[in-house]
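Reader: I am new to reading structures. Could we go through this one step by step?

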Amino acid sequence: FDMMPSYTDFYTLLFSFVLGGFCLEALRRTETGLSKPQKLGLLTLITLWLFGVHMYVSQKLILPEDVSSLGFIAFLVVGVGAVSGLLFLTPIRDKVLSIRQEYLMLIQGLRVFFGMGFLIQGALGIMPLYFGITDGFFHITSAFLALKAGLLLNVKDSGCSGKKGLWTANIFGLSDIAIVVYGLSFYLLKDVGPHHGVMYAALFAAPIFINAHFVSIYKLLTDKK
């Protein structure tokens, strides 16, 4: 009953927790902010979520090792749907939708650390090199585009280029996730199985990044900051 993560898994867990902290800070900086009970409740939820993902990986729970690619994709979609439901079908919805674009892009900027983690795992042979390089490159590029877009929003003479930057960051970022999910399900899965350390990112970070993109696009469509 081994529950200790490897060094690379610990790296991903650490930055997953940092990502959760950034999300709490973004919510705290909305107009209505977070009360202490709300902040404590969300922090507890994030901790339990990460612990649940760790149990799934370390104890090889839920999915069989020979799960099909389509079955695995369905599992990921259910996970993203559960997070989306929590964010948009509960009282926290208004707070989530009021997060400023700058903070949404800053959240996406943390993808650079996950991209670096994939590069490290590829270099160490923990995952196939082709996947580590591809995933790492796209994640790091997504992070750069998001941070650039966030900075442009605070440049007074940026004009519509600020919105163009946001659209670019969101479209590229979502495309990145779609490519990674496809590669993970139809190529990597057969090599490493459904309980590899990459699942820390797939089951925690990815739903957050996807929903941050959704919120950013909603604000672009409704012309809100």
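**Helices and a loop**

Author: Start with valine 192, which is found in helix 8 (residues 161-192). Keep in mind that this is a predicted model.

Reader: Is valine 192 buried, exposed or partly exposed?
Author: Buried means under 20% relative accessible area, and exposed means over 50%. Valine 192 has a relative accessible area of 22%. That value lies in between, so valine 192 is partly exposed.

Reader: Which residues is valine 192 in contact with, leaving aside its neighbours within four places in sequence?
Author: Contact means heavy atoms within 4.5 Å. Leaving aside the neighbours within four places, valine 192 touches two partners by that rule: Ile126 and Pro128.

Reader: How many Å does helix 6 reach from its first C-alpha to its last?
Author: Helix 6 covers residues 111-123 and has 13 residues. At 1.5 Å a residue, the expected span is 18 Å. The model is close to that, with a reach of 18 Å.

Reader: Where around helix 6 are the buried residues?
Author: The buried residues of helix 6 are Arg111, Phe114, Gly115, Gly117, Phe118, Gln121 and Gly122. They cover an arc of only 155 degrees around the axis. That arc puts them on the same side of helix 6.

Reader: Which residues of helix 9 does helix 6 meet?
Author: Helix 9 spans residues 199-221, and its axis is 12 Å from that of helix 6. The two pack at an angle of about 145 degrees, in a left-handed crossing. From helix 6 come Arg111, Phe114 and Phe118. In helix 9 they meet Ala201, Ala205, Phe209 and His213.

Reader: Which residue has a positive phi of about 70 degrees although it is not a glycine?
Author: Most residues other than glycine have a negative phi. Lysine 60, in the loop between helix 2 (36-58) and helix 3 (69-88), has a positive phi near 50 degrees. The residue with about 70 degrees is also found in the loop between helix 2 and helix 3: isoleucine 62.

Reader: Is isoleucine 62 buried or exposed?
Author: The cut-off for exposed is over 50%. Isoleucine 62 has a relative accessible area of 66%, so it is exposed.

Technical notes
Residues are numbered from 1 along each chain as its sequence is written. This is a predicted model: local features need pLDDT of at least 70, side-chain atom pairs count only at pLDDT 80 or more; totals for chains, interfaces and linings use all residues. Side-chain values use heavy atoms; hydrogens and water are left out. Helices (H or I, at least four residues) and strands (E, at least two) are DSSP runs, numbered from the N terminus. The expected span of a helix is 1.5 Å times one less than its number of residues. Buried means under 20% relative accessible area, exposed over 50%, partly exposed in between (1.4 Å probe, protein chains only). The arc is that of the directions from the helix axis to the C-beta atoms. Axes are lines fitted to C-alpha atoms, for helices over the stretch in contact, and angles run from 0 to 180 degrees between N-to-C directions. A crossing is left-handed if the near helix is turned anticlockwise from the far one by less than a right angle, and right-handed if clockwise.
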